[in-house]
Amino acid sequence: MAASERNALTGHHFADQCFSNRRGFLKASASLAAGFSALCGTLVLPETTQASDSDLNILGPKPGYAPQVGTLVSMLTWMREANGVITASKGLTKADLDYLIDPNANTIGALMLHLAATETYYQFNTFEGKKWDTWPDSVKQQWDPAMDLGDAGRKTIKGHDRDYYLNILQETRVKSLAEFRKRDDAWLMAIDKDCPWGPTNNYCKWFHVCEHEAQHCAPPL
């Protein structure tokens, strides 16, 4: 993202180009998630329909998670491991990750860290119930350059190899998965009426984390 999703979510302005273009899509996603919830609520899901940890290409409930939380986890995992940043960055050197196609662009390394920053901020918002941008200054100092990108990202995010970024992404995801295991489907469907894009739920927020990776993994990343 070329602008701050953090500032966008304060409600002042949806400066994030991709984010603003998807506002209607995200609203529709919330409605779709609610409809899916109602449908699944009428179904009895046999144990054999659960996707195991090795069934990457099977989306659906996963052992250790509530049914719909597990389905979300299967989507996040499929995006990351089959079609996301791991595949898109394969073989890239430190020079590749630091390359700027023009002075106003973002490096691939910065965009990789941006994915971790986005997930971290949604962790604060959905797991800890913090309103957007109310996390401690120490957190902002660590993550805002990656979240906001632009000049701050270009100045501070460079000089690292691919493993550096993948390790941070993995650490961030491990925390998310641990928190998902503690949550039930009612939490996933809980509505946040104060979200700047309008009423939404945790399902839609985390679906945004998923499709956000897809958007940034389009060329060049």
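**The cavity and the rings**

Author: R80, L115, E119, R173, V209, H212 and E213 line the largest cavity. This is a predicted model, in which local features need pLDDT of at least 70, side-chain atom pairs count only at pLDDT 80 or more, and totals for chains, interfaces and linings use all residues. Residues are numbered from 1 along each chain as its sequence is written, and side-chain values use heavy atoms, with hydrogens and water left out.

Reader: What makes a set of points a cavity, and which residues count as its lining?

Author: On a 1 Å grid over the protein atoms alone, a cavity is a set of points where a 1.4 Å probe fits but cannot get out, and lining residues have an atom within 4 Å of a point. The volume of the largest cavity is about 30 Å³, a volume being the space filled by probe spheres set on the points, which are joined across faces, edges and corners.

Reader: Which elements give two or more residues to that lining?

Author: They are α7 (108-127) and α12 (202-216); helices are DSSP runs of H or I with at least four residues, numbered from the N terminus. The largest share, three residues, comes from α12.

Reader: How do the residues of the lining divide into nonpolar, polar and charged?

Author: Two are nonpolar, one is polar and four are charged. Asp, Glu, Lys and Arg count as charged, Ala, Val, Leu, Ile, Met, Phe, Trp, Tyr, Cys and Pro as nonpolar, and the others, Gly among them, as polar.

Reader: Why is the aromatic pair of Y164 and Y165 called edge-to-face?

Author: Rings of Phe, Tyr and Trp (its six-membered ring) pair if their centres lie within 6.5 Å; planes under 30 degrees apart count as stacked, over 60 as edge-to-face and the rest as tilted. Y164 and Y165 are 5.1 Å apart centre to centre, with 85° between the planes, so the pair is edge-to-face.

Reader: Is each of these two residues buried, partly exposed or exposed, and why?

Author: Buried means under 20% relative accessible area, exposed over 50%, and partly exposed in between (1.4 Å probe, protein chains only). Y164, at 33%, is therefore partly exposed, whereas Y165, at 1%, is buried.

Reader: Why is the pair of F180 and W187 edge-to-face?

Author: The ring centres of F180 and W187 are 6.1 Å apart and their planes stand at 65°, so the pair is edge-to-face. F180 counts as buried because its relative accessibility is 0%, and W187 counts as buried because its value is 14%.

Terms used:
On a 1 Å grid over the protein atoms alone, a cavity is a set of points where a 1.4 Å probe fits but cannot get out, and a pocket is an open set with protein on both sides within 12 Å along at least five of seven lines; lining residues have an atom within 4 Å of a point.
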